Amino acid sequence: MTSTKWWQTAVFYQIYPRSFADGNGDGIGDFPGMTEKLDYLSDLGVDALWLSPHFPSPNWDCGYDISDYTNVAPEYGTMEDFKRFLSESHNRNMRVILDLVLNHTSDEHPWFLESKSSRDNPKADWYVWVDAPPNNWQSCFDGDAWTYVPERNQYYYHYFMKQQPDLNWHNPEVKQAMWDMVRFWLDLGVDGFRLDAIGTIFEDPSFTPHDVPMNLAELRRFSELAQTEADKKLKDKYWHDMFKHQWGQPGVHSLMKELRAILDEYDGDRMAGRRGRQHRIHGERQGRTASRLQLPAHAHGAAHAHSHPQEPKGQVSGN
Ligand SMILES: [Ca+2]
Ligand SMILES: [Ca+2]
(Lines give C-alpha, C1' and ligand atoms only; values in the text may rest on other atoms or scores of the structure.)
(Ligands and ions follow the chains in the order given, each with its own letter.)
Protein backbone atom coordinates (compact mmCIF):
# COMPACT_ATOMS: atom_id res chain seq x y z
CA MET A 1 0.00 0.00 0.00
CA THR A 2 1.17 3.47 -0.76
CA SER A 3 0.72 6.17 1.84
CA THR A 4 -2.38 8.33 1.76
CA LYS A 5 -2.22 11.32 -0.55
CA TRP A 6 -3.34 14.70 0.70
CA TRP A 7 -6.21 14.92 -1.73
CA GLN A 8 -7.63 11.56 -0.62
CA THR A 9 -8.55 12.93 2.79
CA ALA A 10 -8.70 16.68 2.18
CA VAL A 11 -11.80 18.76 2.78
CA PHE A 12 -12.34 20.79 -0.40
CA TYR A 13 -14.24 24.06 -0.39
CA GLN A 14 -15.43 25.48 -3.69
CA ILE A 15 -15.32 29.23 -4.08
CA TYR A 16 -17.29 30.97 -6.78
CA PRO A 17 -15.29 34.20 -6.95
CA ARG A 18 -18.09 36.42 -8.22
CA SER A 19 -20.27 35.94 -5.17
CA PHE A 20 -18.04 34.73 -2.33
CA ALA A 21 -16.69 37.92 -0.77
CA ASP A 22 -16.55 41.51 -2.02
CA GLY A 23 -13.43 43.29 -0.79
CA ASN A 24 -13.90 46.72 -2.39
CA GLY A 25 -17.64 47.18 -2.10
CA ASP A 26 -18.50 47.24 -5.81
CA GLY A 27 -20.94 44.39 -5.40
CA ILE A 28 -18.76 41.76 -7.07
CA GLY A 29 -16.64 39.22 -5.22
CA ASP A 30 -12.90 39.57 -5.59
CA PHE A 31 -9.52 38.25 -4.44
CA PRO A 32 -9.04 40.78 -1.64
CA GLY A 33 -12.43 39.70 -0.30
CA MET A 34 -11.49 36.03 -0.55
CA THR A 35 -8.18 36.68 1.17
CA GLU A 36 -9.99 38.36 4.07
CA LYS A 37 -12.04 35.19 4.56
CA LEU A 38 -9.12 32.78 4.74
CA ASP A 39 -9.05 32.66 8.54
CA TYR A 40 -12.73 31.81 8.48
CA LEU A 41 -12.16 29.03 5.95
CA SER A 42 -9.21 27.74 7.93
CA ASP A 43 -11.31 27.68 11.10
CA LEU A 44 -13.89 25.59 9.25
CA GLY A 45 -11.23 22.92 8.78
CA VAL A 46 -10.90 23.39 5.05
CA ASP A 47 -7.77 21.81 3.53
CA ALA A 48 -8.07 22.92 -0.07
CA LEU A 49 -9.85 25.66 -2.01
CA TRP A 50 -11.19 25.04 -5.47
CA LEU A 51 -11.69 28.26 -7.38
CA SER A 52 -14.35 28.37 -10.03
CA PRO A 53 -12.94 30.15 -13.09
CA HIS A 54 -11.28 33.41 -12.08
CA PHE A 55 -10.00 34.31 -15.56
CA PRO A 56 -11.03 37.19 -17.80
CA SER A 57 -14.29 36.21 -19.46
CA PRO A 58 -17.27 37.76 -21.25
CA ASN A 59 -19.27 35.63 -18.79
CA TRP A 60 -21.75 34.03 -21.11
CA ASP A 61 -21.28 30.86 -19.06
CA CYS A 62 -20.31 31.89 -15.52
CA GLY A 63 -16.66 32.34 -16.47
CA TYR A 64 -16.37 29.00 -18.30
CA ASP A 65 -15.84 31.02 -21.48
CA ILE A 66 -12.27 32.20 -20.96
CA SER A 67 -10.75 34.99 -23.03
CA ASP A 68 -7.32 35.01 -21.30
CA TYR A 69 -6.03 31.89 -19.55
CA THR A 70 -3.05 33.44 -17.83
CA ASN A 71 -4.65 36.37 -16.10
CA VAL A 72 -7.19 37.40 -13.50
CA ALA A 73 -10.60 38.85 -14.35
CA PRO A 74 -10.22 42.58 -13.66
CA GLU A 75 -13.37 42.65 -11.52
CA TYR A 76 -11.70 40.07 -9.25
CA GLY A 77 -8.50 42.07 -8.83
CA THR A 78 -4.95 41.89 -10.15
CA MET A 79 -2.41 39.14 -10.55
CA GLU A 80 -0.77 40.52 -7.40
CA ASP A 81 -4.08 40.05 -5.58
CA PHE A 82 -4.14 36.47 -6.78
CA LYS A 83 -0.58 35.83 -5.64
CA ARG A 84 -1.36 37.23 -2.22
CA PHE A 85 -4.46 35.03 -1.97
CA LEU A 86 -2.35 32.01 -2.91
CA SER A 87 0.46 32.71 -0.47
CA GLU A 88 -1.94 33.57 2.36
CA SER A 89 -3.80 30.32 1.69
CA HIS A 90 -0.54 28.41 1.85
CA ASN A 91 0.39 30.23 5.06
CA ARG A 92 -2.72 28.66 6.56
CA ASN A 93 -1.90 25.22 5.13
CA MET A 94 -4.71 25.40 2.62
CA ARG A 95 -4.05 24.34 -0.96
CA VAL A 96 -5.52 26.08 -3.98
CA ILE A 97 -6.71 24.34 -7.11
CA LEU A 98 -7.96 26.10 -10.23
CA ASP A 99 -10.68 25.29 -12.72
CA LEU A 100 -9.06 24.05 -15.91
CA VAL A 101 -11.24 24.58 -18.98
CA LEU A 102 -9.56 22.78 -21.85
CA ASN A 103 -12.34 21.95 -24.30
CA HIS A 104 -13.11 25.44 -25.51
CA THR A 105 -12.21 29.09 -25.25
CA SER A 106 -14.34 32.18 -25.36
CA ASP A 107 -15.21 33.38 -28.85
CA GLU A 108 -13.49 36.61 -27.76
CA HIS A 109 -10.20 34.85 -27.03
CA PRO A 110 -7.43 36.17 -29.33
CA TRP A 111 -6.86 32.62 -30.59
CA PHE A 112 -10.42 32.42 -31.90
CA LEU A 113 -10.43 35.96 -33.25
CA GLU A 114 -7.36 35.05 -35.27
CA SER A 115 -8.66 31.63 -36.25
CA LYS A 116 -11.95 32.98 -37.58
CA SER A 117 -10.33 35.84 -39.49
CA SER A 118 -9.39 33.75 -42.53
CA ARG A 119 -8.80 30.20 -43.69
CA ASP A 120 -5.05 30.55 -43.87
CA ASN A 121 -3.96 32.39 -40.74
CA PRO A 122 -1.49 30.71 -38.33
CA LYS A 123 -4.33 29.59 -36.05
CA ALA A 124 -6.73 28.61 -38.84
CA ASP A 125 -6.72 25.00 -37.61
CA TRP A 126 -6.94 25.69 -33.85
CA TYR A 127 -10.70 25.15 -33.80
CA VAL A 128 -13.05 22.67 -35.47
CA TRP A 129 -13.97 24.19 -38.83
CA VAL A 130 -16.14 22.70 -41.59
CA ASP A 131 -17.44 24.02 -44.89
CA ALA A 132 -21.00 23.03 -44.04
CA PRO A 133 -22.63 21.43 -40.99
CA PRO A 134 -21.81 17.73 -41.47
CA ASN A 135 -24.50 16.43 -39.15
CA ASN A 136 -27.37 17.20 -36.79
CA TRP A 137 -25.25 17.55 -33.64
CA GLN A 138 -26.72 19.76 -30.95
CA SER A 139 -25.16 22.24 -28.60
CA CYS A 140 -25.92 20.97 -25.12
CA PHE A 141 -27.22 24.45 -24.32
CA ASP A 142 -29.72 24.13 -27.21
CA GLY A 143 -29.56 24.82 -30.90
CA ASP A 144 -27.19 23.60 -33.57
CA ALA A 145 -23.63 22.76 -32.59
CA TRP A 146 -22.39 24.55 -35.74
CA THR A 147 -22.24 28.30 -36.14
CA TYR A 148 -21.48 30.22 -39.32
CA VAL A 149 -18.63 32.69 -39.67
CA PRO A 150 -18.78 34.90 -42.77
CA GLU A 151 -15.05 35.75 -42.75
CA ARG A 152 -14.25 32.12 -43.56
CA ASN A 153 -17.59 31.19 -45.10
CA GLN A 154 -17.36 28.20 -42.78
CA TYR A 155 -18.86 26.83 -39.61
CA TYR A 156 -17.23 26.11 -36.26
CA TYR A 157 -18.21 23.48 -33.74
CA HIS A 158 -19.29 24.23 -30.18
CA TYR A 159 -20.49 21.65 -27.68
CA PHE A 160 -21.59 24.39 -25.32
CA MET A 161 -22.74 27.90 -26.27
CA LYS A 162 -21.81 29.46 -29.59
CA GLN A 163 -19.66 31.82 -27.50
CA GLN A 164 -17.56 28.75 -26.52
CA PRO A 165 -15.91 27.37 -29.66
CA ASP A 166 -14.32 23.93 -29.22
CA LEU A 167 -10.57 23.81 -29.64
CA ASN A 168 -9.09 21.34 -32.11
CA TRP A 169 -7.16 19.08 -29.74
CA HIS A 170 -5.76 17.11 -32.66
CA ASN A 171 -3.57 20.13 -33.38
CA PRO A 172 -0.29 19.79 -31.45
CA GLU A 173 0.02 23.58 -31.22
CA VAL A 174 -3.24 23.75 -29.28
CA LYS A 175 -2.02 21.15 -26.85
CA GLN A 176 1.30 22.91 -26.41
CA ALA A 177 -0.39 26.24 -25.76
CA MET A 178 -2.63 24.68 -23.14
CA TRP A 179 0.22 22.84 -21.42
CA ASP A 180 2.16 26.11 -21.37
CA MET A 181 -0.82 27.66 -19.59
CA VAL A 182 -0.87 24.78 -17.10
CA ARG A 183 2.80 25.37 -16.36
CA PHE A 184 2.20 29.09 -15.92
CA TRP A 185 -0.07 28.42 -12.94
CA LEU A 186 2.01 25.56 -11.56
CA ASP A 187 5.06 27.84 -11.66
CA LEU A 188 3.10 30.35 -9.58
CA GLY A 189 2.55 27.63 -7.00
CA VAL A 190 -1.05 26.48 -7.45
CA ASP A 191 -1.62 22.97 -6.13
CA GLY A 192 -3.52 21.56 -9.05
CA PHE A 193 -6.62 21.65 -11.16
CA ARG A 194 -10.22 20.62 -11.34
CA LEU A 195 -10.89 19.51 -14.91
CA ASP A 196 -13.91 20.97 -16.65
CA ALA A 197 -15.85 19.06 -19.30
CA ILE A 198 -12.93 16.77 -19.98
CA GLY A 199 -15.12 14.20 -21.74
CA THR A 200 -15.94 16.67 -24.46
CA ILE A 201 -12.34 17.20 -25.60
CA PHE A 202 -12.63 14.96 -28.66
CA GLU A 203 -15.48 14.44 -31.08
CA ASP A 204 -16.23 11.49 -33.34
CA PRO A 205 -13.87 12.21 -36.28
CA SER A 206 -16.44 10.75 -38.69
CA PHE A 207 -19.03 13.29 -37.52
CA THR A 208 -21.59 10.49 -37.25
CA PRO A 209 -25.09 12.01 -36.94
CA HIS A 210 -27.20 11.18 -33.94
CA ASP A 211 -30.30 9.11 -34.69
CA VAL A 212 -32.68 10.62 -32.16
CA PRO A 213 -35.86 11.68 -34.01
CA MET A 214 -35.93 15.18 -32.47
CA ASN A 215 -33.67 18.07 -31.63
CA LEU A 216 -32.56 19.04 -28.11
CA ALA A 217 -35.37 21.50 -27.46
CA GLU A 218 -37.88 18.83 -28.44
CA LEU A 219 -36.09 16.27 -26.30
CA ARG A 220 -36.25 18.57 -23.30
CA ARG A 221 -40.01 18.86 -23.83
CA PHE A 222 -40.34 15.11 -24.32
CA SER A 223 -38.43 14.56 -21.07
CA GLU A 224 -40.68 16.91 -19.12
CA LEU A 225 -43.76 15.10 -20.34
CA ALA A 226 -42.44 11.56 -19.92
CA GLN A 227 -44.72 9.77 -17.44
CA THR A 228 -44.68 6.09 -18.25
CA GLU A 229 -41.70 3.85 -17.47
CA ALA A 230 -41.36 3.19 -21.19
CA ASP A 231 -41.17 6.90 -21.99
CA LYS A 232 -38.70 7.52 -19.17
CA LYS A 233 -36.46 4.76 -20.47
CA LEU A 234 -36.76 6.10 -23.99
CA LYS A 235 -35.92 9.58 -22.75
CA ASP A 236 -32.72 8.31 -21.11
CA LYS A 237 -31.78 6.48 -24.29
CA TYR A 238 -32.39 9.58 -26.38
CA TRP A 239 -30.24 11.75 -24.08
CA HIS A 240 -27.40 9.27 -24.35
CA ASP A 241 -27.74 8.76 -28.08
CA MET A 242 -28.04 12.44 -28.93
CA PHE A 243 -24.60 13.25 -27.52
CA LYS A 244 -22.72 9.97 -27.69
CA HIS A 245 -20.68 11.09 -30.71
CA GLN A 246 -19.71 14.37 -29.07
CA TRP A 247 -18.08 13.17 -25.88
CA GLY A 248 -16.36 10.20 -24.30
CA GLN A 249 -14.30 9.61 -27.44
CA PRO A 250 -10.89 7.87 -27.48
CA GLY A 251 -7.83 9.98 -26.78
CA VAL A 252 -8.69 11.52 -23.43
CA HIS A 253 -6.70 8.91 -21.49
CA SER A 254 -3.41 9.59 -23.17
CA LEU A 255 -4.04 13.30 -22.87
CA MET A 256 -4.57 12.96 -19.14
CA LYS A 257 -1.39 10.94 -18.84
CA GLU A 258 0.45 13.84 -20.44
CA LEU A 259 -1.13 16.27 -18.02
CA ARG A 260 -0.25 14.11 -15.09
CA ALA A 261 3.35 13.84 -16.28
CA ILE A 262 3.52 17.64 -16.21
CA LEU A 263 2.08 17.75 -12.69
CA ASP A 264 4.59 15.14 -11.57
CA GLU A 265 7.46 17.35 -12.69
CA TYR A 266 6.53 19.69 -9.86
CA ASP A 267 7.10 19.20 -6.16
CA GLY A 268 4.32 19.29 -3.60
CA ASP A 269 2.17 16.49 -5.01
CA ARG A 270 0.11 18.63 -7.39
CA MET A 271 -3.17 17.10 -8.39
CA ALA A 272 -5.80 17.08 -11.13
CA GLY A 273 -9.27 15.76 -10.64
CA ARG A 274 -12.78 16.02 -11.78
CA ARG A 275 -16.11 15.86 -10.14
CA GLY A 276 -18.74 13.24 -10.19
CA ARG A 277 -19.20 9.73 -11.33
CA GLN A 278 -16.90 7.77 -13.55
CA HIS A 279 -17.11 9.34 -16.95
CA ARG A 280 -18.01 7.06 -19.78
CA ILE A 281 -14.79 7.71 -21.58
CA HIS A 282 -14.14 5.15 -24.28
CA GLY A 283 -12.26 2.16 -22.88
CA GLU A 284 -12.30 3.40 -19.34
CA ARG A 285 -13.44 1.13 -16.56
CA GLN A 286 -14.72 1.88 -13.13
CA GLY A 287 -11.99 2.48 -10.62
CA ARG A 288 -9.16 2.75 -13.11
CA THR A 289 -9.22 6.47 -13.45
CA ALA A 290 -6.60 6.96 -10.76
CA SER A 291 -3.82 5.93 -13.10
CA ARG A 292 -4.55 9.01 -15.17
CA LEU A 293 -6.06 11.47 -12.73
CA GLN A 294 -5.18 11.81 -9.12
CA LEU A 295 -8.71 12.58 -8.01
CA PRO A 296 -11.95 11.41 -9.54
CA ALA A 297 -13.54 13.56 -6.88
CA HIS A 298 -17.02 13.59 -5.51
CA ALA A 299 -17.47 17.20 -4.58
CA HIS A 300 -20.50 18.40 -2.70
CA GLY A 301 -22.15 21.75 -2.36
CA ALA A 302 -20.90 23.04 -5.66
CA ALA A 303 -22.13 26.53 -6.42
CA HIS A 304 -21.98 26.06 -10.14
CA ALA A 305 -22.64 22.76 -11.78
CA HIS A 306 -21.38 22.99 -15.33
CA SER A 307 -22.91 19.65 -15.91
CA HIS A 308 -23.86 17.69 -18.93
CA PRO A 309 -27.53 17.88 -19.83
CA GLN A 310 -27.95 14.12 -19.90
CA GLU A 311 -26.85 13.71 -16.33
CA PRO A 312 -29.62 12.55 -14.02
CA LYS A 313 -30.31 14.95 -11.19
CA GLY A 314 -27.91 14.63 -8.27
CA GLN A 315 -25.00 13.47 -10.37
CA VAL A 316 -22.47 15.47 -12.23
CA SER A 317 -20.28 14.50 -15.09
CA GLY A 318 -16.75 15.46 -15.82
CA ASN A 319 -18.03 18.86 -16.75
CA1 LIG B 1 -15.44 43.70 -5.57
CA1 LIG C 1 -14.33 19.21 -28.01
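User: How do β3 and β7 pair, and over how many bridges?
Analyst: Strand β7 (residues 192–196) pairs with β3 in the parallel sense, over five bridges; strands (E, at least two residues) and helices (H or I, at least four residues) are DSSP runs, numbered from the N terminus. Two strands count as paired if DSSP finds at least two bridges between them. This is a predicted model, where local features need pLDDT of at least 70, side-chain atom pairs count only at pLDDT 80 or more, and totals for chains, interfaces and linings use all residues. Residues are numbered from 1 along each chain as its sequence is written.

User: Which residue is the bridge partner of Ile97 in β7?
Analyst: Gly192.

User: And how does β2 pair with β3?
Analyst: In the parallel sense again, with four bridges between β3 and strand β2 (residues 48–51). Ala48 stands opposite Arg95 of β3. From β2 the chain passes through helix α5 (residues 79–91) to β3, a right-handed β-α-β crossover (with the strands pointing away from the viewer, the path from the first strand over the helix to the second runs clockwise).

User: How many residues of β3 are buried?
Analyst: Seven of the seven in residues 95–101, so β3 is largely enclosed by the rest of the structure. Buried means 20 or more other C-beta atoms within 10 Å of the residue's own, exposed 12 or fewer, partly exposed in between, with C-beta atoms placed from the backbone.

User: Switching to α10. Which residues are buried there?
Analyst: Val252, Met256, Leu259 and Leu263. Down the axis of α10 they fall within an arc of 60°, so they line one face of the helix; the arc is that of the directions from the helix axis to the C-beta atoms.

User: What is exposed on the other side?
Analyst: Ser254, Lys257, Ala261 and Asp264 of α10.

Note on methods
Chains are lettered from A and ligands numbered from 1 in the order in which they are written.
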